[in-house]
Amino acid sequence: MAAEDLVERRSIDVVPDDERHGTAFSQFTLWLGANLQITAVVTGALAVVFGGDVVWSVVGLVIGNVLGGAVMALHSAQGPKLGLPQMIQSRAQFGVRGAVVPLLLVILMYVGFFASGSVLAGQATAELTHTNHTTGIVIFAVVTAVMAAVGYRVIHALGRVASVICALAFVYLGIRLLDRVDLSALLHDAHFDLPVFLLAVSLSASWQLAFGPYVADYSRYLPRSTSAKATFWWTLSGSALGSQWSMTFGVLVAASAGDAFLANQVGYVVGLSGSSTGLVAAFLYFVIALGKLTINVLNTYGGFMSMVTSISGFRGQRALSPRGRAAYIAVIMVAGTAVALLGKDSFLSSFKDFLLFLLTFFTPWSAINLVDYYLISRERYDIPALSDPHGRYGAWRWDALVVYAVGLLAQLPFLATHFYTGPLVDPLGGADISWIVGLAVPALLYWALAGRNTAHIPAQTAHAPAADQEPVSGER
């Protein structure tokens, strides 16, 4: 493959049929590799850190991964049909310019995940390069940005490599961990506590739902004839299996190691090899960096796509030059690296609240997007109109924006974080069920309001004219 074919030319514009390639199975390897990584391990560990036992923490994490993974996989199935990035399609619900409201929060998410991933990956990179953590974070961030700039093909290639290497590493680590722990004792120490159980569900559900705003970005190059069911199931199985595998490992580590793991997550995981030096330890440091590289490239790529989508709604821009692409990616890299350097000493204490905070903002968006796509528009969109604020979808769709705001507010009484706890949390025994409310309320409300107004829905999906699909050499 020539270098010019490897570097992606598309950004927010439609992927034409003659550039489509791959199979739905590519979604399995991408999302398996993206979830077999250290931050997912930490997420699983949090279920125990905040009071859960092994049995009910694992059960809760399974439920959250399956439920949240099903929602994100429904978004993934939109990619082959429309050939568009996920958040561009959101303009059909929120308006060409109104989509900027959830997009600003999506960009915040990408920067936050970039930062949290860089903290742990920076530690591993520092060990591999024999530098300090600050230098490790910077090196990791630069490599991430370069790979994101190359784009779609290298992202999927990275996912294929990471899915194999990280799976082998997790098998090895699992064997080493089971040699150290009394699994029978951990499994018998089961004590169901509803609030803590629901926290485990929320942790894994938030992990999966946070992929929703960009998951279709990585299925949009699949041929239009790709089965929606195949895309759904391969995405769900890869993401749920990878995250549950990592999180279960995290549960066992936290339950058996306690403070030894909390004090140094990367060091403890590598220490399972029996040494912090040598070839095996170096391999494990490499695996930690590789796993984080996979997901951080997704976060960087998704961040730049969301920034372009936000700005282009006001500029009428439909394509992006290589120089513009590099500039957007550099902004994400610099912002994420700055946050990582500022927060590297308080990572674990703030990560749980960050996850639940994100969940509050993305569940209403997912509910609106999925109800519109599957139940109201029934997969029919006027794609050229998604770039025209004076067209079919308008600049602002106030019905969706109002429903989104109501969905946010409806969650607040049920939200439990360190910086805010809603008034209905205590009557529920401390359980956080805000994400359930955040899915149900806006879904029903949007169905009731938007379902009555279907005049803007085309009889069938209208694709951009060929001239509009041509990439341009400069920004427009």
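1. Let's start with handedness: a crossing is left-handed if the near helix is turned anticlockwise from the far one by less than a right angle, and right-handed if clockwise. Helix 2 passes helix 10 in a left-handed crossing, while helix 9 and helix 16 cross in the right-handed sense. Helices here are DSSP runs of H or I with at least four residues, numbered from the N terminus.

2. A word on the ground rules before going further. This is a predicted model, in which local features need pLDDT of at least 70 and side-chain atom pairs count only at pLDDT 80 or more, while totals for chains, interfaces and linings use all residues. Residues are numbered from 1 along each chain as its sequence is written, and side-chain values use heavy atoms, with hydrogens and water left out.

3. Back to the two helix pairs. Axes are lines fitted to C-alpha atoms, for helices over the stretch in contact, with angles running from 0 to 180 degrees between N-to-C directions. The axes of helix 2 and helix 10 (residues 152-180) come within 7 Å and cross at roughly 70°. That makes helix 2 roughly perpendicular to helix 10. For helix 9 and helix 16 (residues 279-315), the axes come within 9 Å at a crossing angle of roughly 55°, so this pair is oblique. The classes are as follows: under 35 degrees is roughly parallel, over 145 roughly antiparallel, 65 to 115 roughly perpendicular, and the rest oblique.

4. Helix 9 deserves a look of its own. This helix (residues 133-150) has 18 residues and spans 26 Å from its first C-alpha to its last, close to the expected 26 Å at 1.5 Å a residue; the expected span is 1.5 Å times one less than the number of residues. Which residues of helix 9 are buried? Among them are Gly-136, Ile-137, Phe-140, Ala-141, Thr-144, Ala-145 and Ala-148, where buried means under 20% relative accessible area, exposed over 50%, and partly exposed in between (1.4 Å probe, protein chains only). As a reminder, an α-helix has 3.6 residues a turn, so residues three or four places apart point the same way.

5. At its start, a side-chain oxygen of Asn-132 reaches to within 3.3 Å of the backbone nitrogen of Thr-134. Just after the helix, Gly-151 takes a positive phi of about 105°. Ala-326 sits in helix 17 (residues 322-343) and is partly exposed at 40% relative accessibility.

6. Ser-227 caps the N-terminal end, with a side-chain oxygen 3.2 Å from the backbone nitrogen of Lys-229, and just after the helix Gly-258 has a positive phi of about 60°. Within helix 13, Ser-239 is buried, with a relative accessible area of 0%. The side chain of Ser-239 makes a polar contact with the side chain of Gln-208 at 2.6 Å. A polar contact is a pair of N or O atoms within 3.5 Å; within protein, one must be able to donate a hydrogen and the other to accept it, and residues adjacent in sequence count only if both atoms are side-chain atoms.

7. How many salt bridges does a search of the whole structure find? There are three, each being a side-chain nitrogen of Lys or Arg within 4 Å of a carboxyl oxygen of Asp or Glu. One joins Arg-224 and Asp-17, with the closest N and O atoms 2.5 Å apart. Arg-224 lies in the loop between helix 12 (194-209) and helix 13 (228-257) and Asp-17 in the loop between helix 1 (3-6) and helix 2 (25-35), so the pair ties together parts that are 207 residues apart in sequence. Arg-224 is partly exposed at 29%, and Asp-17 is partly exposed at 48%.

8. The loop between helix 18 and helix 19 is the last stop. Arg-392 and Asp-382 meet there in a salt bridge at 3.0 Å, N to O. Both lie in that loop, so the pair ties together parts that are 10 residues apart in sequence. Arg-392 is partly exposed at 37%, whereas Asp-382 is buried at 13%. Arg-397, in that loop too, is buried at 8%. Arg-397 forms a salt bridge with Asp-399 at 3.0 Å, and its side chain also reaches the backbone oxygen of Ala-92 at 2.6 Å.

How values were computed:
Helix = DSSP H or I, 4+ residues; strand = E, 2+ residues; numbered from the N terminus.
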